[in-house]
Amino acid sequence: MRRLVDNALAVTKESVKTFTYESLNNIARLINGVSALLLAILVGKANSLDGAQGWELRPTFHGPRFPRWMENGVSSFNQFIHELSVDDNSSVDYLSAEDEPDDGIYPLSPSSHGSRTSRTSIHINHDLHWTDWVAYIFSWILLPARFLLRIPSLLYLLLSKQESKSSSDTGSPRLRTFHSFRKGHSLKDHVVQRTIDRRRGVIEDLHLAIEIFIEAIFDMFHKAAYCVFSPSATFRIFGKWFSSPTAGDKDIDAAALNASVPTSTLGANDPAPRERNLTLQHALNTDARTCRDVITELGYPYEAIHVITNDGYVILLERIPRRDARKAVFLQHGIMDSSMGWVSNGVVGSPAFAAFDQGYDVFLGNFRGLVSREHVDKNISLRQYWRFSINEHGIEDIPAMIDKIHEIKTAELKLSQPDGEINEQEQPYKLCAISHSMGGAAMLMYVIIRRIEEKPHRLSRLVLLSPAGFHDKTSFFFTMGHYLCVLLAPILALFVPALYIPTRFFRMLFNKLVRDFHNYPAVGGLVQTILSYGFGGDSSNWVAVLGLPHYNMNDMPGLSFRVIHHLSQIKRTKKFRMYDFGSAAVNMEVYGSPEPIDLGEYYSLIDIPVDLVAGQKDQIISSSMVSKHYRLMKEAGVDVSYNEFEYGHLDFTFSHHEELLAFVMSRLQLVEPDLKQQSSQKKALKLKRTREAGPEFSSD
């Protein structure tokens, strides 16, 4: 009888699992099929995908291909280098996001004491806002979905606890064998793990959650049947529960769960083991990598510098340090972006790595405007934090970061000079800036305002990739949005301080939905087409960009309403000017005139070479708008060049184009340090080597 019940439960369980699994699959196929049908019906519009890198719409539908470094962890070239290093047993173990770099290898600069600290070290107390209440209500509505999505993480935690309990005996031969194996193959396993990494989407999580739920329910029925048909065994089990102590087991479980594994970095000068705490990672199977993770995983040095602006915002300046270099480059991202864009194509396709390999000290800027709301005032409200426009990007963020760069470079190069000989009147390094989209507009604002204030801007050259500033020609949806924003600005400013995803759950859900766009090609193709329509037919790979790790559950860039309003004002007036506060009295107080400053009229103050780059397929900032910058600069006598490439707006940062990368590097190489500075640097290095080899020469 017991065997019959077991067989009946097993058959029923498998039937239910098969039914639910096939039902979900059929629903997903239906959605994918309807998307394919809609995509095919859009006559003449499928061409909008032809220019998007990673799309092939004929003869079959293929979804957006994410950058190779996102799918496999590293590109094929980087993977080859990793595997070659493993075979030679001469590679160092790259530090993960949880490991702190060895300060002995890359010493901190005198003015960056807060380096290598994470953004999460700054805690902000958020005031409740109406958006928080809306998110709270939606969280209760989606409570069943949240429960199902958390089942895999709970199962993972349970399994990890059992594994920790089984390995708590540190003196066993099995554990020693495991440690020796791990020491010899840690890097190999690291590469393999990243190579087979595949993030789950919402559909896959539902599959897994439902299967675990069914297993748990039928396991409960199976145990109940066992108790009914085997009462004697049931009484023995209850007797053991009440007679055996459990406090010791709980202590062991807690100790095993929080155990530490001694690890060491291969090839380090000090091979002493360091303690690495075992933590639950990627329980929800989402990509939460940061720019730091990408840089360190590829073997490059990294430094994080927290910069505080004059108005109290805490922004992150990231660095790929080359401390003795006399040429530096500052890369600034655009709207709804971060420093991740400059490293998103791996070693062979990213401007940041290309500049470092060419001998530059690389600095990656990040604008204010993260969901984490980092500020010196821990009690700052949501409305107060998001009260900034492009003005603050250009006259607060960029000056703070460039001043910090100057402080760091001057201190480091002064240490490299013999007896501290350095000319205080001259800048001992050359700094070039590469900016994209809104970052280009903010950079132009920074240079012009600095010249008006008669302060040094410390830049030697500007390379502006599809810079914002003029928006006369935009798509229909953008035009309607701009005019609605100007018309309803007083009302919208009260209710919508910024555009962002407010909670970790919804950000995680967004990340997984984007992954489903990749797993179901027709759905991804439809979303790509719709986004392309909304952006006027721009050929950028929008779906792949939405899947980048800086849009993750922990943090993501947001968009202030004042920034949107500022862009709307620029479109309405057809002038590149600063933010209009809507009051002549306030404008007079801020600018000294009842109208905002028209930056285009001050282009004659730009005293450095400027390289403008436009995209022929860019419908966000069209080539005609970039050429308007060029025409005004040329009339003002600026040393300016203009080039066009057959790219969309996001192709300048998120796509691998060798010709663009070669052009940008050729522009940077036009700026070289002074010959006197180069000769003094060579003398300093020669003197340093002579001092280090002093005993050898004295013996001769």
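1. Basis. The model is predicted, so local features need pLDDT of at least 70 and side-chain atom pairs count only at pLDDT 80 or more, while totals for chains, interfaces and linings use all residues. Residues are numbered from 1 along each chain as its sequence is written, and side-chain values use heavy atoms, with hydrogens and water left out.

2. Salt bridges overall. The whole structure holds 23 salt bridges (a side-chain nitrogen of Lys or Arg within 4 Å of a carboxyl oxygen of Asp or Glu). Salt bridges with shared partners join E303, R319, R323, D361, K409 and E412 into one network.

3. K409 and D361. These two residues form a salt bridge, with the closest N and O atoms 3.0 Å apart. The pair links distant parts of the chain, 48 residues apart: K409 is in helix α13 (residues 390-416) and D361 is in strand β6 (residues 361-365). Helices (H or I, at least four residues) and strands (E, at least two) are DSSP runs, numbered from the N terminus. K409 is buried at 0% relative accessibility, and D361 is buried with a relative accessible area of 0%. Buried means under 20% relative accessible area, exposed over 50%, and partly exposed in between (1.4 Å probe, protein chains only).

4. R667 and D611. Their side chains meet in a salt bridge at 3.4 Å, N to O. R667 lies in helix α23 (residues 658-668) and D611 in strand β11 (residues 610-615), so the pair ties together parts 56 residues apart in sequence. D611 is buried, its relative accessible area being 1%.

5. E646 and K617. In this salt bridge the closest N and O atoms are 3.8 Å apart. E646 sits in the loop between β12 (640-645) and α22 (651-654), and K617 in the loop between β11 and α21 (623-635), 29 residues apart. E646 is exposed, with a relative accessible area of 51%, whereas K617 is partly exposed at 29% relative accessibility.

6. Second largest pocket. Its space is about 1,100 Å³. A pocket is an open set of points on a 1 Å grid over the protein atoms alone, where a 1.4 Å probe fits, with protein on both sides within 12 Å along at least five of seven lines; lining residues have an atom within 4 Å of a point. The volume is the space filled by probe spheres set on the points, which are joined across faces, edges and corners.

7. Pocket lining. Of the 34 lining residues of the second largest pocket, I335, M336, F478, F535 and L559 are the closest to its centre. The largest share of this lining, four residues, comes from α15.
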